[in-house]
Amino acid sequence: MRNRILALTVVLFLGGVCLAPCPSADRNGDCLVNFLDFHLMALQGNLLDLHTMASQWLQSGEDDADTEPLTLLGRVDIQTAKPNSFAVEFVVVDKQRVDRTVFAYKCEVILENMSSSTFENVQLVMVSWPDNMTIIDPHVSFGDAQIDPGESAASIDTCTFTVDRSEPINRAEIIWHLIPLPADMVFIPGGTFAMGDNFNEGVSSEWPVHTVTVDSFYVGKYELTNGQYCDYLNSAMSQGIIRVTSGVVYKAGSGTTYPYCDTSTSSSLSQIAYSGGVFTVRSKGGRGMANDPMVHVSWYGAAAYCNWRSQEEGKEQCYNLSTLDCDFEKKGYRLATEAEWEYGARGGFSGRRFPWGDTISHSQANYRSESGYSYDVSPTGGYHPTWNDGVYPYTAPAGSFAANGYGLYDMAGNAWEWCNDWYSGLYYSSSPTNNPTGPIGGAYRVLRGGGAWGINAYYCRVAYRDYYRPAYRFGDVGFRLVLDFQECEAPLVDDMESYNTPWVEPGNNIYEIWRDGIGNCTAGSGNATGSMVYETFEVVLGGTQSMRYDYDNDGMVFNPCTGTQRPTPYLYSKAEAQIAALPSGIGPNWNPCDTTLLVLNFYGQLGNVVDEVDPLWVELKDTAGNSAKVVYGDGEGEDPQHLTEASWHEWVIDMADFSEDGVDVTDLASVAIGVGWEDATAPGGSGTLNFDEIRLAASR
């Protein structure tokens, strides 16, 4: 492969759902199924995609000492045919049964059609999923597979991963979940790396090389573009939070203390024009510059954009634009820390000079090539021949070159990038090990970016550090965005097990939280509908109790407080809980971390009466009084007759079904479960349902 650097991306699916003939899964793991789904892709050069799938029944009677080799046959799609191409024939997985719920796997990737050239720098990592989704499963640990430099290999046999199901598994829980990626961002899995100049060829500020650990985060796939920044400027001008003086954009009310960016009036290198109160993106040499990196922007201007973007998307604002402090507890957009930037730029490889390897050429980056550096192997010298049009700046559109191992573009060349940190040349000697955020103050902010369009290869090194005063604007300085990674653990709405018993005992009882037809035996505490709610200790879903829901839609309801039948004017049943009263404390926002599903589990009975006048529904109401219902049976795979089966059914509701009807799912007031239409004119049926484990979940 002529030293071409490749990264193989593996995505692993693991689910805990049992299908016939295996009985339903329980919390003790008596029956589980592991689905293994590998997706391998060679980044840079050939685009190779391998899909494999296998499933196994893991019955409780299996011997823990069993070793079961498993071959996963794969399909290979090579979409770009190039010399020195290779193919993956199949993946062999050996499964070692460690104990009942912990499984260790050993992977061997068999490679075919190997080039006679050295095949090196190949690494397997579990990092991404198509369609902007990322799988995070805390039950899975994945060991890297690596072919070291200078080695040729016909197989990768060091891949190992472990599936730990030793904790009780609840089928209502999303065992693995998908985290939607923000637009044009890449998920960077946290890890530990050697930060600094590994080649001892830089300056003292790049030493000593030290070990740093960073948490997972999202980072912009591209440098922020002129078009994106122009949108911000027009929005900010309409809000009165910026002003323009002599062609320079300033924070409104700050005098000239906080310059944000130049326009073409104050600097010919700026690609932002301003006229008549409107900002537009210029053209250069007949080429529109909207997709080129935004330059001539100060650190202040970059931080201000972060706050604006956060506000536009309903996220917390990280920056205090008066004190210049970044509140890392806020979960909005911000600039990368210096450690995050270098970790992301290295693309999952350690000890490399550049984001892709140890040499650089114009085929890999937009920079000024010079012959004085042995690692500059570009056959073309000077400015990049494609983007040198004779008019500064010689920037290239975002994504003009191949991405690094994490899918990030222009981590060397094109434009410098502002980082969040204050700069100190001595910081590496005292840097914290975990998530360093730089000195507490200073006169300069850190610049990274591996040089720019007018800088030589020395400055394009991943380890190189630069700095400017935060007010400076240059024709080769821009920025990209970062977001903290927030893992959603399928937030609990109600586990139906957090209440006092028995049900007649005063205090925190399920009938007081879920206001039904009876209430708590005091006048006016119920809703007078034909329903009764109480706890039951029947073993359901492996739990200790669930909510029993008796519905009676014939105009009469049994009153356990008096032991008699009581007439009611209602021909439907309803149990409603106020969000603030739920024991989970979930709060009114039912869209945390972009969760999009409401998962509710119900258990029917053989004697239940179900017809078209007695549908099961869930209703959400927001604080503004808007409400919407979703009816069971309207979705794919939903059958009202499930209510007559003595088995559990998982009801997965798309939260968009509520929001499309005008309900604000970020500001909810109540949730209700009902059976029967509220406007019914004829008696309906009766029966009993059990409910357990109501949760939110991310999209599957």
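I looked up the C521 and C561 pair: they form a disulfide, with sulfur atoms 1.8 Å apart (a disulfide is a pair of cysteine sulfur atoms within 2.5 Å). The count by this rule is one disulfide. The torsion about its S-S bond is about -75°, so the disulfide of C521 and C561 is left-handed. C521 sits in the loop between strand 32 (514-515) and strand 33 (531-536), and C561 in the loop between strand 35 (556-559) and strand 36 (564-567), so the pair ties together parts 40 residues apart in sequence. Strands are DSSP runs of E, at least two residues, numbered from the N terminus.

The model is predicted; local features need pLDDT of at least 70, side-chain atom pairs count only at pLDDT 80 or more, and totals for chains, interfaces and linings use all residues. Residues are numbered from 1 along each chain as its sequence is written, and side-chain values use heavy atoms, without hydrogens and water.

I then checked burial (buried is under 20% relative accessible area, exposed over 50%, partly exposed in between; 1.4 Å probe, protein chains only). C521 is partly exposed at 44%, and C561 is partly exposed at 33%.

C261 is buried, at 0% relative accessibility. C306 is in no disulfide either, the nearest cysteine sulfur being that of C318, 7.6 Å away. C306 is also buried, at 0%.

Last, I noted D654, which lies in strand 41 (residues 648-654) and is partly exposed at 36% relative accessibility.

Note on methods
Helix = DSSP H or I, 4+ residues; strand = E, 2+ residues; numbered from the N terminus.
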